[in-house]
Amino acid sequence: MKNHLHTLKGAVVLALGLAAASATAQAGGEQYFPLQSYRVGPYAAGGTGFFGGFIDYLQYVNIKEGGVNGVKLTWSECETEYVVEKGVECYERLKKGLNGAPAAATNPLSVGIAYATLERSTADKLPLITINHGRTDSTDGSVFPYVFPLQLNPYSEVSAIINYIGQKSGGLAKLKGKKIAVLYHGSPYGKETNPILELLSKKYGFQLVSLEVPHPGNEQQSQWLTIRQQKPDWVILRGWGVMNPVALKTAQKTGYPADHIIGNIWSNSEEDAAPAGAAAKGFISITTHPSGSQFPVLQGIKKTVLDAGKGNLADPKRFGTVYYNLGVVNGILNVEAVRLAQAKFGKKPLTGEQVRWGFEHLHFDDKRLKEVGALGLLQPLQLSCADHEGGGAVRFQQWDGQQWKVISPWVQADRKLLRPIIEDSSHKYAKEKGITPRDCSKES
Amino acid sequence: MSFFMEVLLGGLLAGVMYSLVAIGFVLIYKASGVFNFAQGSMVLFAALTFVSLLERGLPFWLAFVLSLLSMLLLALLLERLVLRHLVNRPPITLFMATLGLSYVVEGVAQALWALLALAFGLLPFIGNDYWFSAILIPFLVLSLAGLGLNLLTGYAGQLSLGSAAFMAVGAFASYKLQFLLPGLPLLLSFVAGGVVAAAVGVVFGLPSLRIKGFYLLVSTLAAQFFVEWLLTKFAWFSNGNESGVITAPPLLVAGHDFGSPAGRYLLTLSVVLPLFVLAGNLVRSSLGRNWMAVRDMDTAAAVIGIPILRTKLLAFAISSFILGVAGSLWAFTYLGTVEPHGFDLSRSFQVLFIIILGGMGSILGNFLGAAFIVLLPIVLSILSGSLLSGVLPAGQLENLQKIIFGVLIILFLIKEPDGLARLWQGWRARARLWPLRF
């Protein structure tokens, strides 16, 4: 009996030792990205493109450089279908890391999921990346230390569009007396920018016509008839999913020219324009990154990942499209944050808290953009403790019937004007939640 | 002199405590003739519970009240599990039973006081964040929502597709009231949200006096769309947030912060369980009998003098109240942040599935149905993730899960139309006789 016990004990000790050894071996070399992806459901087009690009970039870094400073990147997916509860479940399931590799950041690419995991992310000290979308006031990093609406928040987005219309009209002063209609999706996302548009209309003296399209947006006859009556100079389209092609088709039916419709950041993909066929020709939209595969980083991905048969896209023709490139851009920003954080905390797998420091110190100038092969793909940006957005610039592109053609240089949002509004909102949030904002002058 | 005072006060304190114990002792003996030998171990149990709660960082008064509640629960359990089976036995049998009990209680209290109530005591300390945040809390909240609809549909026979709308009303009302009445305690705001939802429920229940079945279903559908539109359209409901999103206030009850996953779970549990007990009693009361009479045949119910108007509207009010509280919990203890769209038609369907799968007209069925709805997709997703990953592309796996989920729902409906609750009863009846058949 006694002997038995001894052997048993020995076996247990051995097994535990092995388990511990294998866990540490893996933790020694991997950084984990939990992916709350969506590949089925109504928004699958966006999900497959974005997560395809993101995963391909991570593979590219692993193959080409053996990870970040020797730390391999690893990931696993959890399907959310863009449904909030599923996203939350995935968040809770994946946040602990994988086989000992700690999680770096979450990238849900969904406004609803981002809102629902915002406080959890802060409590768990895991950065929440909402590239090109999310809660505008989370730009204020002193109140939202773990949330990053990278590149472009919703307020910057409309501000840049108005600036572009101003340029087109020959200066912002010429906006006076103009009429601009905004056609927005009837959801929190669609309505988020309405107060800013009203503010801008007062500031520049243009007349604003706000028209709501109920979800999902496949019936827009009455809204476009109103537009025909009102004859606005420009229509801003804040669409989402099926609402976009329907808007373009209905515009054609009611005789509104497509080249005076400006799509926002979620009305700017091939999947938004192509289904409208000829009606989309001439349609203008903003983008934070051009489509196309001519950039060195995309060529690199093509050579090392796609041509090796490891690409994540089911349909290789989508390589270099808007959603795919957004995924690549997102990958570049995430990996750069890990790289920066490693420079400070050591070349090892890092905790979310350490990676957060990396995000807060993201800095891309033309030189660094050239080094990662993304000059012209990613805008120059610099983040700080107070500013979690960084860029705030967009380019304009026009649909030629087959693909997007970039038609403008970077157009900057009026971020000075927006900042006090953002701070009002974030301070209100801080008060509601009893948060004491960080003192950004003391952050290093 | 001071020595004398010390002894006097000490003696009085001890005496008071003994007399309290004795009062309990006498109460039981006089009322039921049971000579409760387990009294001492119950005192021990209470003390250990109280101390353990204090050690977990609970404030004194909260721990005190919780210990009292846990003793109440223990006593109810003892009565239900042991004493009830010994009715009309000789006093000496009862006495011996309490003797046996004293050993059990003492053992339990010393080994693991928390065994008292698995849910309250044990889980919060062994469970992990994932279980609380992703499984247990939505399970409890959806069970409660199922209960709300089950009272209306399963007991009172009124079909409704507006469950999510009433949940939304509850959530937004309790959120808004927090701002209109600063300092309103959290639990009270849940109740107030439920009351507002009840009022809205009565308004949309009015057509039920004239129409039935599928026509009523359509009119509750109107409630669903109207409420969602209203909350999106007017920023007033979300306290001026233009995008219509509301976020949870700090989860403070009696000065204790329930913000952690385990805390949110406990808070949810302590709201859900009492409501279930209440509802269980309600359906056994005369109101419950009236509901069932109306459900089975409302003309006959009217003939025997049941006030149809009052009965139906009360069903709508109480059902909406419970749904409203469930909505607040969904928004505040589960997700933390919601938009009106989070309470859309598919949520109503989800609640309807819970009662269809779990069993209409069954209290237990709500738990079973909710467990099924919450757990099955997750189990399938984890299973397929570990077994089939690499074989099929990620998107296809999800479609496969959908198929399995749908097939299971249909299978259940064909094989057991009375739901999981009925299945459970069948199993239990069989297990009692096993291995014999009759």
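Angles under 35 degrees count as roughly parallel, over 145 as roughly antiparallel, 65 to 115 as roughly perpendicular and the rest as oblique. This is a predicted model: local features need pLDDT of at least 70, side-chain atom pairs count only at pLDDT 80 or more, and totals for chains, interfaces and linings use all residues. Residues are numbered from 1 along each chain as its sequence is written, with chains lettered from A and ligands numbered from 1 in the order in which they are written.

**Exercise 1.** Classify the packing of α6(B) and α13(B).

Step 1. Locate the helices, which are DSSP runs (H or I, at least four residues) numbered from the N terminus. In chain B, α6 spans residues 129-155 and α13 spans residues 308-335.

Step 2. Take the geometry. Axes are lines fitted to C-alpha atoms over the stretch in contact, and angles run from 0 to 180 degrees between N-to-C directions. The angle is about 165°, and the axes lie 7 Å apart.

Step 3. Classify. α6(B) and α13(B) are therefore roughly antiparallel.

**Exercise 2.** Describe the residues where α6(B) meets α13(B).

Step 1. Apply the contact criterion: C-beta atoms, placed from the backbone, within 7 Å. α6(B) contributes residues including B:Ile137, B:Val141 and B:Leu152. Among those from α13(B) are B:Phe316, B:Ile322 and B:Trp330.

Step 2. Sort by class. Ala, Val, Leu, Ile, Met, Phe, Trp, Tyr, Cys and Pro are nonpolar; Asp, Glu, Lys and Arg are charged; the others, Gly among them, are polar. This contact has 19 nonpolar, 3 polar and no charged residues.

Methods:
Helices (H or I, at least four residues) and strands (E, at least two) are DSSP runs, numbered from the N terminus. Two residues are in contact if their C-beta atoms, placed from the backbone, lie within 7 Å.
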